[in-house]
Amino acid sequence: MKIIKRVVDIRKETETLRKDGKIVGLVSTMGYFHDGHLSLMRRAKKECGKTVVSIFVNPAQFGPGEDLKKYPRNFRRDCKLAEKEGVDYIFSPSAEEMYKPGYGTFVEVETLSKIMCGRARPGHFRGVCTVVLKLFNIVNPHRAYFGEKDYQQLVIIKKMVKDLNLNLEIKGCPIIREKDGLALSSRNKYLSGEERENAAILNKCLETAREMIGGGERNLEKVKGCILERLRKNRFIKKVDYFDFRNTATLEEIKKIKKEQDKILAATAAWVGNTRLIDNKIIKV
Ligand code: AMP
C-alpha cells in the first residue's frame, strides 16, 4: 500500500492506472477508521481494480466552535487497517496542500444544503461538496463509495455529480451498526459510558417509527410527535436538531404517507451530551 501526501503524486498514480485499463475506486474519509469505513473499502475493493482511500479532516466542513481541533485521529492505526483490507493507496494531504494560501472557490448544492443537517450546520455541505469535488478532480476515480449513514451527504453528492456532469459513479453503502443498533461513527468516541448506553435510543426511535408505519399509521406528524416526546424524556438527549420523514431521492419533507409512496427516509440528528449524532432508516411502506 502506498501512502501519498501530494496532489501531483496521487494524480500521476491514478493516471497510470487508468492508462493500464484499471477501474479506480475512491473511498473518501476523515480517518479514525471503524467498521463503517472498512465496509466501504471492502466494497470498493470487490468492485474496482484499484482502491484509493483518502484521509483528510476537512477544515472547510467544520463550523466555528465545532470539533475540528479535537476530531479523533490515528493515522498509523488507519494505515494498518486499510492495508489489511487490501487498499492500494492512502491519499492523506495536509490542509495546506488542499487549500493553498488565497484559496477561494467553493461548491454549493443549493436548497438541499440548507435543510436537515444544513440548517444546524450552515456551510457544512458547502465544505463537503468542495472537498469531495476536489478529491474527484485529483484522484479521477471511476467510482466513489459513500455510506448511507450520512444520507443527506450522499443525496447532495449525487446531485452535484448530476448537475456538474461529473464522469463517475456514486455508490451508496449500508449503515454498519453496533450490536445495540448505534450507528458506528468516529464521534462515538466522545461519549461517556452512560451516554454510550443511551445513544442507541436514536436507532430505537427510528425502529419505532418503522413499527408505527408498519402498523398502518399514515400521519407522520403524529409519529414524529410520539418520538420527539420519547427523546425529550431521555435526560442524556440534550437537544434534537430534527427528526424528519423525507423523500429518499429529493429529501422533500413528507407529513402524510400517500398511496404512491413505497418508501420514505426517517432521519434524525440529536445531541447526546455534547456529541451530535445522526442516524437514519429507509422505511418500506
Ligand atoms: P467520515 O470519515 O465520517 O467522513 O466517513 C467517511 C465515509 O464513511 C462516509 O461516506 C460515511 O458515510 C461512511 N460511514 C461513516 N460511518 C458509517 C457507518 N456506520 N456505516 C457505513 N458507512 C459509514
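**Sheets and ligand**

A: Ala-269 has its bridge partner in strand 9, and that partner is Ile-278. The model is a predicted one. Strand 8, residues 263-272, is joined to strand 9 by ten bridges, and the two strands run antiparallel. Both belong to an open sheet of three strands, ordered 7-8-9, in which the pairing is antiparallel. Strand 7 (237-246) and strand 9 (275-284) are the edge strands, each pairing on one side only. From one strand to the next, the twist averages 15 degrees. Helix 10, which covers residues 220-233, packs on this sheet and touches strand 7 and strand 8. The direction of helix 10 makes about 165 degrees with that of strand 7.

There is also an open sheet of six strands, in the order 1-4-3-2-5-6, and there the pairing is parallel. Its edges are strand 1 (2-4) and strand 6 (169-173); each has a single partner strand, so one side of each is left without a neighbour in the sheet. On average, neighbouring strands of this sheet are turned by 25 degrees against each other, direction ignored. Inside the order, strand 3 (residues 50-55) and strand 4 (residues 89-91) run parallel and are joined by three bridges. Val-53 stands opposite Ile-90 of strand 4.

Helix 1, residues 7-19, lies across strand 1, strand 2, strand 3 and strand 4, and runs at about 145 degrees to strand 4. Helix 7, residues 151-163, lies across strand 5 and strand 6, at about 170 degrees to strand 6.

The ligand comes next. Around it are 16 residues, of which Met-30, His-37, Asp-150, Ile-176 and Leu-184 come nearest. By type, the shell divides into eight nonpolar, six polar and two charged residues. A polar side-chain atom of Asp-150 is 2.6 Å from an oxygen atom of the ligand. A polar backbone atom of Gly-147 lies 2.9 Å from a ligand oxygen atom. For Ile-176, a backbone N or O atom lies 2.9 Å from a nitrogen atom of the ligand. Taken alone, the ligand exposes 480 Å², and the protein buries 93% of that. The elements giving two or more residues to the shell are strand 2 (24-29), helix 2 (35-47) and strand 5 (143-147). Helix 2 gives the most, with three residues.

Notes:
Residues are numbered from 1 along each chain as its sequence is written. This is a predicted model: local features need pLDDT of at least 70, side-chain atom pairs count only at pLDDT 80 or more; totals for chains, interfaces and linings use all residues. Side-chain values use heavy atoms; hydrogens and water are left out. A residue is near a molecule or strand if one of its heavy atoms lies within 4 Å of it. A polar contact is a pair of N or O atoms within 3.5 Å; within protein, one must be able to donate a hydrogen and the other to accept it, and residues adjacent in sequence count only if both atoms are side-chain atoms. Accessible areas come from the Shrake-Rupley method with a 1.4 Å probe; for residues, only the protein chains shown count as cover. Helices (H or I, at least four residues) and strands (E, at least two) are DSSP runs, numbered from the N terminus. Ala, Val, Leu, Ile, Met, Phe, Trp, Tyr, Cys and Pro count as nonpolar, Asp, Glu, Lys and Arg as charged, and the others, Gly among them, as polar. Two strands pair if DSSP finds at least two bridges between them. Axes are lines fitted to C-alpha atoms, for helices over the stretch in contact, and angles run from 0 to 180 degrees between N-to-C directions. Contact means heavy atoms within 4.5 Å.
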